[in-house]
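Subject: Structure for your review

Dear colleague,

Please find below the structure that I am handing over to you. My findings follow it.

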Amino acid sequence: MPVIAFQGRPGAYSDQACRASRPGWTTLPCTTFAGAIAAVHDGQADAAMLACENSLVGRVPEIHLLLPQAGLHIVGEHFQRVEHCLMALPGTKIETIRRVHTHPVALGQITKLLAELDVPGVAAFDTAGAAELVREWGKPEDAAVASRLAAELNGLEILRANVEDAAHNTTRFYIVSREVVWAERDTPDVMTTLLFRVRNAPGTLYEALGGFARAGVNMTRLESYMLGGSFAATQFLLDVEGHPEDDRLGAALEVLPASCDEWSILGVYPATRPHHVRQAGHGAFAGQGSHD
């Protein structure tokens, strides 16, 4: 049976994403994103589910540092709705709760619940991990906020569902593998993810990005970060709509060699939702891993 790795504990939103995107696959929990990537490299897993951005909190910085050096290829994407549930030991009454445990990012997403209950939020290493702790402690005064799956796996009772402040809380994931698997050219709604480093000269970034504009290619994401602590070497990760073999995207890519020291295609894969109508305020992680 194929295996897909993720960062987080069983029941994490990344775990949910794996099960939704690759039904029937075995999910492999890993302590870190680097561990999930290594599992694919080592052959323990056939693919990894990596959170890259979230509609509330923006990008996942760790992924942008790891992915370019990972030597893996993006073969798909997945959008996972983050639906926080308040859970506790079976039979617990809400009025007995004195502490709510969850990931620090999730704490910022349940401010209304904490205010209503008038209890402190306590940071845990991830949401599913908080559910595990509540089960192990066996104390009715401790509750967790995590996914419905985490409640099921840990034998906890859901006291209230959808306790997140924002209903549009969604995490986007890259699915990566060792093999290069490009979507067919005639696949509808193809996404291409690129990595490039422009030359340190006036106008080079303008030229590189201008090629996409002149070719009429829709750019859905652009991230930049420094390389090796240098202020002169900047790398960019770019998501665009289209296939490299299409005339428009092909024309845009022809511009890159003249303005970039290096550039590569990280993946060509089917889009799982229309990127041009994505909700405002998207950014980078939400569920787990770095915020699970």
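Ser21 lies in helix H1 (residues 13–21); helices (H or I, at least four residues) and strands (E, at least two) are DSSP runs, numbered from the N terminus. The model is a predicted one, in which local features need pLDDT of at least 70 and side-chain atom pairs count only at pLDDT 80 or more, while totals for chains, interfaces and linings use all residues. Residues are numbered from 1 along each chain as its sequence is written, and side-chain values use heavy atoms, with hydrogens and water left out.

With a relative accessibility of 18%, Ser21 counts as buried (buried means under 20% relative accessible area, exposed over 50%, and partly exposed in between, with a 1.4 Å probe and protein chains only). Leaving aside neighbours within four places in sequence, Ser21 is in contact (heavy atoms within 4.5 Å) with Met49, His78 and Ile175.

Leu222 belongs to strand S13 (residues 219–227). This leucine is partly exposed, at 36% relative accessibility. Residues up to four places away in sequence not being counted, Leu222 touches Leu209, Phe236, Leu237 and Leu238. Its C-alpha atom is separated by 9.9 Å from that of Leu195, 27 residues apart along the chain.

An open sheet of five strands shows mixed pairing and the order S8-S7-S9-S6-S10; two strands pair if DSSP finds at least two bridges between them. Strand S8 (121–123) and strand S10 (157–161) are the edge strands, each pairing on one side only. Strand S7 (residues 99–102) pairs with S8 in the parallel sense over three bridges, and Ala123 in S8 is the bridge partner of Thr102. Helix H6 (residues 127–137) lies across strand S6 (85–88), S7 and strand S9 (142–146), and runs at about 155 degrees to S9. For such angles, axes are lines fitted to C-alpha atoms, for helices over the stretch in contact, and angles run from 0 to 180 degrees between N-to-C directions.

How many disulfides does the structure hold? There are zero disulfides (a disulfide is a pair of cysteine sulfur atoms within 2.5 Å). The closest cysteine sulfur to that of Cys30 is in Cys18, 9.4 Å away, which is too far for a bond. Cys52 is likewise in no disulfide, its nearest cysteine sulfur being that of Cys18, 13 Å away. Cys30 is buried, at a relative accessible area of 11%, and Cys52 counts as buried at 0% relative accessibility.

Yours sincerely
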